[in-house]
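Reader: I am new to this structure and would be grateful for a close look at a single part of it. Please describe the sheet and what surrounds it.

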Amino acid sequence: MISAVLIANRGEIAVRIARTARDLGIRSIAIYSEADAGALHTQVADEAYALPGNTAADTYMNVPALLDIAVRAGADAIHPGYGFLSENADFARTVAEAGLTWIGPSPESIELLGDKIAARRVAEEVGAPLAPGTSDPIDDWQEARAFAEEHGLPIAIKAAYGGGGRGLKVVENLEDIEAAFNSAGREAKEAFGRAECYVEKFLTHPRHVEAQILADTHGNVAVLGTRDCSTQRRFQKLIEEAPAPALSDDQRHGIHEGARAICAKVGYTGAGTVEYIVSEDGTISFLEVNTRVQVEHPVTEMVTGVDIIAEQFRIASGEPLSFVSGSDAQALDPQSHGHAFEFRINAEDILNGFAPCPGTVVRFEPPTGPGIRVDSGVRSGSIVPPYYDSLVAKLLVWGPTREIALSRAKQALKEFDIEGVRTVLPFHRDMVASQVLVDHGDPEATAGIYTDWLDHNYRPSAEATSHVAPVEAIYAKRTRVALEIDGKIVSVGFPSNLLAAGAPAVQAAGASASAGSGASTGGNDVTCPYEANLVAWNVAEGEKVEEGQAIATIEAMKMESAVKAPAAGTVSLVAKEGARLEPGAVIATIS
């Protein structure tokens, strides 16, 4: 039996795992970067240990440091959560070699199914339908162009080891293929450490439907129903619902049994998700397998009553699934009751293309009521660092019917109040009030949401715009210092104006220094809107540019964004590629 678990993650999923570990009588051990000192997950866990540095590579993906803490803290298991090292087969293997229990699928399953190209081959072997695509990674963008010329546009360029929308680019014009190929590789390299890409035909206006899998070491492979995750921006999910609406019985059966067959074929154990796309004409095409717990797993928990994290602990301990009753494969599947939505609450600015918005959460007041659940990684006073994912919380809403769940969601989103950082709450309020989300659940409706619907159709309403409060002056209002004492985190707060009055030079954990930020000095300065890395220049020194032209690519919170020219003219480059930029830093001038 597992007695102590090191949670190799941060944020809301680390909080979630620590709470379940406590339910099971398992001691939880958190880790934290310098930017996360005093974060909620360090307070909820029984113990917390520091990882020097801030970047993911230096901290949450630093394997030697993680194993060192596991040994020092007396952990006998490691739970990777999602993201970071959760789908890293080498890490899973290293954990096992160190004599620790890995809470996840085997390294062999991760290698096989985590490689999207190999997973396509498995899906083909078990008869799952597939869109045309390359059988092996492509070496350069010209191969992607050749594929597009043969099969037609649009195409999807996908990182073979990507996920969560990172390393995925949909291309509709031949001239955009080179830039998309390079960007997909960069994003995947930054987030997952591997840059290989492949290409496949992109089905126009597809829905994203997935099946939740739990498989134990006793041969039981259960399907916990479906989820619809079609509401996405830049192929990163924002709203999920379960069960997936507007599917025929045949479609649902095909999705369930295809997922079961794929996992059974490779001897999969643990939690996993088999993803599909469903085209306008009803065609189902296998997409990929995520060999970890998904961000959206709670929406399935809301309709099935199954604690997926607890089941992960059971499976890793060699126990059978808690709900197994019978030998028939489909009899293993728990029944769904009612309908549920999940709303991802990201720290992003909907008025600026969903740009990341790090800062300090001054006020965090979640909603309450029947069928409401909030999984959060922050609370009032928490810092949202610029180094990691922008997710701060998840709002789950259940109702006995889809209509009631939507009605409850409207009220819950109205009550949800977050100040200090801009979030996507105004977007969610727009969506639950829209007819398109209502129609998404109607199999007879001609309208509905598809995976890039948001990118082409959503514009913030006047009400949403009015609820995006100015935040620039809020970040520095309070200062917190986190101290570690024997693995315990103690958070000390004091008024920020003490610093200005000559108090000791203590900086808020995770806050960015403002000195030398290079604030804008003129209308033709090109500035960085938030703390980020300058990934690449899209123009050369002395080149003439047009107003609104994307001249640079920056990355923050594992997302790439474009910096556009504020005016037409000749550009002079100031910052260098690879530089770490402060908010307001001048990266170029235009004359």
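Author: Two strands are said to pair if DSSP finds at least two bridges between them. The model considered here is a predicted one. In strand 21, Leu 391 is the residue that stands opposite Asn 346. The two strands concerned are strand 14, residues 339-346, and strand 21, residues 391-399, which pair in the antiparallel sense over 8 bridges.

This pair belongs to an open sheet of 8 strands, whose order is 13-12-9-10-11-14-21-19 and whose pairing is antiparallel. At the edges are strand 13 (284-290) and strand 19 (372-376), each of which pairs on one side only. From one strand to the next, the twist averages 25 degrees.

A helix accompanies the sheet. Helix 10, residues 297-304, lies across several strands, including strand 9 (207-215), strand 10 (221-233), strand 14 and strand 21. Relative to strand 21, helix 10 runs at about 20 degrees.

The nonpolar cores complete the description. The largest nonpolar core has 62 residues, and Leu 6, Leu 66, Ile 78, Leu 214 and Phe 313 are those with the most contacts inside it. Helix 1 (residues 11-23) supplies the largest share of this core, 6 residues. Because domain 1 (4-103) and domain 2 (104-131 + 205-322 + 331-337) both give residues to this core, it lies between them. Leaving aside neighbours within four places in sequence, Leu 66 is in contact with residues including Leu 6, Ile 31, Leu 51 and Phe 91. Another core, of 40 residues, lies apart from this one, and among its residues are Ile 350, Leu 425, Val 436 and Leu 437.

Key: Residues numbered from 1 in each chain as written. Predicted model: local features only at pLDDT ≥ 70, side-chain atom pairs only at ≥ 80, totals over all residues. Heavy atoms only, no water. Helix = DSSP H or I, 4+ residues; strand = E, 2+ residues; numbered from the N terminus. Axes fitted to C-alpha atoms, helices over the stretch in contact; angles between N-to-C directions. Contact = heavy atoms within 4.5 Å. Core = buried A, V, L, I, M, F, W, Y, C linked by side-chain atoms within 4.5 Å. Buried < 20%, exposed > 50% of the residue type's maximum accessible area, 1.4 Å probe, protein only. Domains from an automatic or database assignment.
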